[in-house]
Amino acid sequence: MTTTVNIRLASSRVNNSLMNGDTIPHLFTPGEVITTITAQQNFMRGHGTYGEDDIIKASVAGCLERVNKLISIKPLKSRYVGEVGDVVVARIIDVQQKRWKVDTNSRLDSVLLLSSVNLPGGELRRRSVEDEHMMRKYLQEGDLISAEVQSIYDDGSVSLHTRSLKYGKLSQGVLVKVFPSLVKRRKTHFHNLTCGASVILGNNGFIWIAPTVNSEVEGDGGFTQNLTEPVARPEREVITRLRNCILALANCKMMLYDTSILYAYEESMKYRIDELLHQEAIFDVAFLTQHRLRLHDE
Amino acid sequence: MSGHDLISEQGLRLDGRRANELRRIQCKLGVFSQPDGSAYLEQGNTKVLAAVYGPHQAAAKKSNHEEVIVNCQYSMATFSTGERKNRPRGDRKSQEMTIHLRQALSAAIKLELYPKSQIDIFIEVLQADGGNYCASINAATLALIDAGIALKEYVCACTASLANGDIPMMDISHLEEVSGGPTLTVASLPNSHRIAFMEMSQRFHLDHLPKVLKTALAGCKEVQVILDKAVREHLAHVGSAGDWQNVGK
């Protein structure tokens, strides 16, 4: 078997910056003074700022956000900061008493309480000691789940729940990790794309691509994993193409949401799936997608 | 080579700089996709890569309820110096460097914001040509900013030395380092005029110390301006590719 290897010099690297002549909002960098007259105007310090003798300074690099008197600086990239109601894709890292420890790419490990999952079969009752013993049968270390943020604890860690049939254990598919800030907050994060795959855009930057299943609701609370039935090759090709498109958009720092992914998928059709890993193709797809999105906006 | 001809009669140094000039600094943020933040920095021929992971959950043993644990690892590539030599990570020189890096970076990070967490900073010197510590600090600052970690302000480092017995020189290269003069390394928070770290390779005469220190601090200020420009350029590129939607414009 022969493989083609593409080696390029650092000097012939593709510049994949999609910068355009737009106006740039005022950017703040750490240590920069935001406002000096706190006392008179009674500004409140939000995230990304700190006070030093009546002066508010920025502590991260990003843009100013102001809600009435609250001033905060939002960095363009950071770890996932949970908000109640966010959809996340997460990985179980530990099974403990009455709860699972879950990795959501946030500052601290998240928890999924036994009392905030639907029991298999959809039974509604108090969780007994038997359920505690059964926990590893429901979800074990390494399993991927989709869940929703239920609450945020004082220390900033996140508590999840899967009390809806759309959440639960994920079975066959592909996980793509991007920076959390690249996923756009929308009303819905579950998409059945017209190209023949479904995507879960986790707010925490974990994206799950899976073959579309016909949505007959089974009353099992999402604990069944179908790992035996093979996925047909055309479906797998759609999934890999989607994965490469998402990585291409992320590589060029473009926002990810249903429309941008679909446009990128359509623009990528002129390339073979493996060609989408080349820098030229990545940039071309991202550039065309951005162009279409802008036309769409106008 | 003796100490007195580090600066020629025309006032130029061995590499053609004047006494108060920095070497060219080129830097880039976000060079990797796997770490939370990363940066590459060239200061003259000194080339450094920095990667930041975290803040993430600290191991239960080390976990601190008050503030974040800063974990550094400094290493030099086998091919980084003129003489090819395998440098294990745990050797004394890197360990010392690691401790010094952690001291300076902890001074800038707002530690109290991330209790029970840990920040890992990995620094790799690809080419060493003097001022490794400075280049490492400057690259680590950029990587921390790229990771969106809250800093009080930039922490910048610069070296200074004394030429011809009384002229202070900024940003010492390897050639000047080995040719004998005492070198002062300073990491400072330039806005608040605070010094996070200071080290001398040899003794200075007390009369010379103030002016050498002043030169080094002036160097830190200049470095900050360069880093700030790089950060702003990077933000503009990233923000405009996403049409500033992630910051809610």
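In chain B, B:Gly30 sits in the loop that links strand S1 (25–29) to strand S2 (37–43). The model is predicted. B:Gly30 counts as buried, because 21 other C-beta atoms lie within 10 Å, against a threshold of 20 or more. Leaving aside residues up to four places away in sequence, the contacts of B:Gly30 are B:Ser38, B:Asp146 and B:His234. By contrast, B:Glu199, which is 169 residues away along the chain, has its C-alpha atom 30 Å from that of B:Gly30.

B:Ser38 is also among the residues touched by B:Ala50. With residues up to four places away in sequence again left out, B:Ala50 touches B:Ser38, B:Ala39, B:Ile121, B:Ile123, B:Ala139, B:Ala140, B:Leu142 and B:Ala143. The largest nonpolar core comprises 133 residues, and B:Ala50 is one of the members that touch the most others. In soluble globular proteins, nonpolar side chains tend to be buried together.

Contacts between the two chains involve 35 residues of chain B and 36 residues of chain A. On the chain B side, the elements that contribute two or more residues are strand S3 (46–57), helix H2 (132–146) and helix H4 (209–241). H4(B) supplies the largest share of this side, with ten residues. Sorted by class, the chain B side that touches chain A consists of 14 nonpolar, twelve polar and nine charged residues.

In chain A, three strands make up an open antiparallel sheet, in the order S2-S5-S4. Strand S2 (33–35) and strand S4 (49–52) of chain A are the edge strands; each has a single partner strand, so one side of each lacks a neighbour in the sheet. From one strand to the next, the twist averages 40°. S4(A) pairs with strand S5 (residues 55–58) in the antiparallel sense over four bridges. Within this pairing, A:Thr49 lies opposite A:Ala58 of S5(A), while A:Gly51 has A:Ile56 as its bridge partner in S5(A). S4(A) and S5(A) form a hairpin with two residues between them. In the turn, A:Asp53 has a positive phi of about 30°.

In chain A, UniProt places the feature "domain: RRP4 S1" at residues 79–151. This span is 14% helix and 42% strand, and its end C-alpha atoms lie 18 Å apart. Also in chain A, UniProt lists residues 173–212 as "domain: K Homology". Residues 173–212 of chain A are 0% helix and 48% strand, with 10 Å between the end C-alpha atoms. For chain B, the UniProt record gives "domain: Exoribonuclease phosphorolytic" at residues 21–149 and 154–218. Residues 154–218 of chain B are 23% helix and 40% strand, and the end C-alpha atoms of this span are separated by 14 Å.

Terms used. Residues numbered from 1 in each chain as written. Chains lettered and ligands numbered in written order. Predicted model: local features only at pLDDT ≥ 70, side-chain atom pairs only at ≥ 80, totals over all residues. UniProt positions renumbered as here; feature names shortened; annotations may be inferred. Core = buried A, V, L, I, M, F, W, Y, C linked by C-beta atoms within 7 Å. Buried ≥ 20, exposed ≤ 12 C-beta atoms within 10 Å, placed from the backbone. Contact = placed C-beta atoms within 7 Å. Pairing = 2+ DSSP bridges. Axes fitted to C-alpha atoms, helices over the stretch in contact; angles between N-to-C directions. Nonpolar A, V, L, I, M, F, W, Y, C, P; charged D, E, K, R; others polar.
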